[in-house]
Each structure stands twice: as structure tokens, then as C-alpha cells.
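User: Hi, I have a structure open and would like to talk through it with you. Could you help me read it step by step?

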Amino acid sequence: MIPIKRHRTRKVYIGDVPVGGGSPITVQSMTNTDSHNIKELIEQILELEKAGCSLIRIALPDMDACDSIPALKKRIHIPLIGDVHFDHRIAIRAIEKGIDALRLNPGNIREKEKVKGIVKLAKKRKIPIRIGVNSGSVDRRKYSSNSPESLIKSALDHIKILEKEDFSDIIVSLKSTDVLITIEAYKKFATLRDYPLHIGITEAGTRIYGSLKSAVGLGILLYLGLGDTIRVSLSASPVEEVTTGYRILRSLGIYTRSVEVISCPTCARTAFDVENTALRIETLVSGIRKRMKIAIMGCLVNGPGEARDADIGVAGSKNEVLLFKKGRLIKKIRPDRIEQEIMEWIKKS
Ligand code: SF4
């Protein structure tokens, strides 16, 4: 595996999770249940934790939503980020209630004194603030075009407000729905400031297209060494966002503590149901935090050889399936035993 050289950013802590400064790249998501419904929020966040989500954001549309924070924090195990727009009172209430970080664009709060109030409290409680600029939130009165420059200038407008208050626990995101604009924006921004980068493609789309678009955009950014925390934005379950995030990292060899399932494209030699077996195994291993590669190969002719670097794999042969480890055949198994054999082996490893 060729290691990726990461762009150096400063380190910021969200709760006990480090972001930037060479820390492991985290995968985060955002809840999509009602922010006032504590039971549903807890259920969803616990499910996301199981999928490996490291940081979770909730929308805080009003003061009442902030009242969910203490109860949530008691039941969940990952840091909680509050998404606040325009209203400084919500930001202050969220900090007072124990939020671990805020997503807030201070330029949207008109009065400087109100921003000062938030910054003062954030500093005192060591609460980082993410400046989250996306193509839809760029100030159109100042920056007319959808371009990398307008995303950067918009972010700098917000950043300078915090810097003026001597606040540096900042994380930045510059998301466009356009992959190339997003890439250029992050690339240029990285030459201007060393704040950790939250990367993503905004409004990427539905499960399949949005995952592909995110994989292309985030894949290129990560290859360039950019990105300290990622969010895949999908019109789908947040759990899907987290799973996709890990798959993107895993495909680049970045996140090592996850199980990768590879499978052959199938052809006339295929001797068993490769597609559905691979899909079932993918589901079974999705929450396992071990560095492993599993290969599901259609035939014995090419399977074990092609998947030589897999830790364990199966290859079909007439009516049976052969289990192999590192390309070496171990034993014959019945096709209906594949999942069980592989899972038992993962557990033992
Ligand atoms: S591993 Fe075998 S079945 Fe799969 S594509 Fe290659 S030759 Fe075909």
C-alpha cells in the first residue's frame, strides 16, 4: 500500500476526539430525526456509533432543541456537535448545555457583541467552531459566482471574525455540489490557513449516485493529503453515510481498522452466487473494527491467485466452494456455510 502524505494542519479537540494535526481521519454524520425527540435521537446515534461514526452533529433550530443536549450526552458515547444558524442565543445555550462543538458561521450574526459573547464562552469551555461554507450559503451579494474563490473568500470572512477575537479552535469546510470546485477550494485554502479540514461534497445526491460523487471528490482530496474529518452527505440514512465514508477511506488504504470485502466481476466460469454472498458478507462485517481483507471469487481458476493478498477468501469450484488464506487453499466448504466460516475466522483473528 502506498502511504498518502497528509497535509499538516493544527490539532483541535472535539470532546476527546482529535481532529487534524495528523490524527486519524474521522467519519462523521448528522442526525435526521426531530432534534426535540430525545428517544429517537438516542436510538439513531447509538446505531451510528455501531457503524463507526466518530462525531455526530444535530441541528439546533431553536432554544428548546438545546434542552435535549444533557440527556443525549448521558446516553451516547461520541462527541456531539450543534448546528446553529443566525441566532447567537442558541449557540450560547448549546454551549451552556454541554455541546462539544458548534457548526456556526459567525458572519451570519449581524452584531459583533453577540459573536463576542459566543467566542468568549467557547474559549472558556474549549468548544471548537466549524466554519461551514457551502455553495448554497455563500453570500451572493458579495460573491456572485459558484467558484472556489467565492467559497474561500466567504470562509475567510467568517474566519477573520473569530481570529479577531483571538479564537483559533477552528475547523473549516468548503463544500460545493460541484466536485471540481470543491477540490480546488480545499486545495487553495490549504495554502492559506492551517485549520483542520472537514471535507465533503454537499447535496451529493441519493445513495448510489451521491456515494459515487462523494467517493470521487473525497477520494481525490484524500489522495492529495487533504481532509481531517469527512462527512458523506446523502439523501439516505446517516448510517449509510458512515458506511460509505469508511469505504472511501478503506479503498485508499487510509482507515486500516475495517474489513474490506473484494469480489470478482463474475464471468462464465463463476461457480456460485458471488454477488449476493459478497453483499451479505459486506453487511455482516460493516461494524467490525479489524484490518482485514476478504475475497469472494467466482472460480478456482483465477480466484485464489488474484486475491492472493486477501486474508481469507472463497473460490467456487463446480458444486463446492474452497476456502483459502493468503492464496493457499485450506478446505472445501458447502456454499451455505460461507458466511459462518468467514465470520468465525474473523472472530478468532
Ligand atoms: S475469478 Fe473466476 S469467475 Fe471470477 S471473473 Fe475471474 S475467472 Fe471469472
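**Charged pairs, ligand and surface**

Analyst: Let us begin with Glu-184, which counts as partly exposed at 29% relative accessibility; please keep in mind throughout that this is a predicted model.

User: Ok, and which side chain does Glu-184 meet in a salt bridge?

Analyst: The partner of Glu-184 is Lys-187, and the N to O distance in this salt bridge is 3.4 Å. Lys-187 is partly exposed too, with a relative accessible area of 38%.

User: Where do Lys-187 and Glu-184 sit?

Analyst: They belong to helix H7, which covers residues 179-189, and because they are 3 residues apart there, about one helical turn separates them.

User: How many salt bridges does the count come to?

Analyst: The count comes to 24 salt bridges. One of them joins the side chains of Arg-57 and Asp-83, with 2.4 Å from N to O. Arg-57 is in strand E4 (residues 55-59) while Asp-83 is in strand E5 (residues 80-83), so this pair ties together parts that lie 26 residues apart in sequence.

User: Are Arg-57 and Asp-83 buried or exposed?

Analyst: Both of these residues, Arg-57 and Asp-83, are buried.

User: What about Lys-326, which residue does it form a salt bridge with?

Analyst: Lys-326 pairs with Asp-311, and their closest N and O atoms are 3.3 Å apart. This pair links distant parts of the chain, since Lys-326 is in the loop between strand E14 (320-325) and strand E15 (328-333), whereas Asp-311 is in the loop between helix H11 (303-306) and strand E13 (312-317), and the two are 15 residues apart. As for Asp-311, its relative accessibility is 19%, and because buried means under 20%, it counts as buried.

User: New topic: which residues are around the ligand?

Analyst: The residues around the ligand are Cys-264, Pro-265, Thr-266, Cys-267, Arg-269, Thr-270, Gly-298, Cys-299, Asn-302 and Gly-303.

Methods:
Residues are numbered from 1 along each chain as its sequence is written. This is a predicted model: local features need pLDDT of at least 70, side-chain atom pairs count only at pLDDT 80 or more; totals for chains, interfaces and linings use all residues. Side-chain values use heavy atoms; hydrogens and water are left out. A salt bridge is a side-chain nitrogen of Lys or Arg within 4 Å of a carboxyl oxygen of Asp or Glu. Helices (H or I, at least four residues) and strands (E, at least two) are DSSP runs, numbered from the N terminus. Buried means under 20% relative accessible area, exposed over 50%, partly exposed in between (1.4 Å probe, protein chains only). A residue is near a molecule or strand if one of its heavy atoms lies within 4 Å of it.
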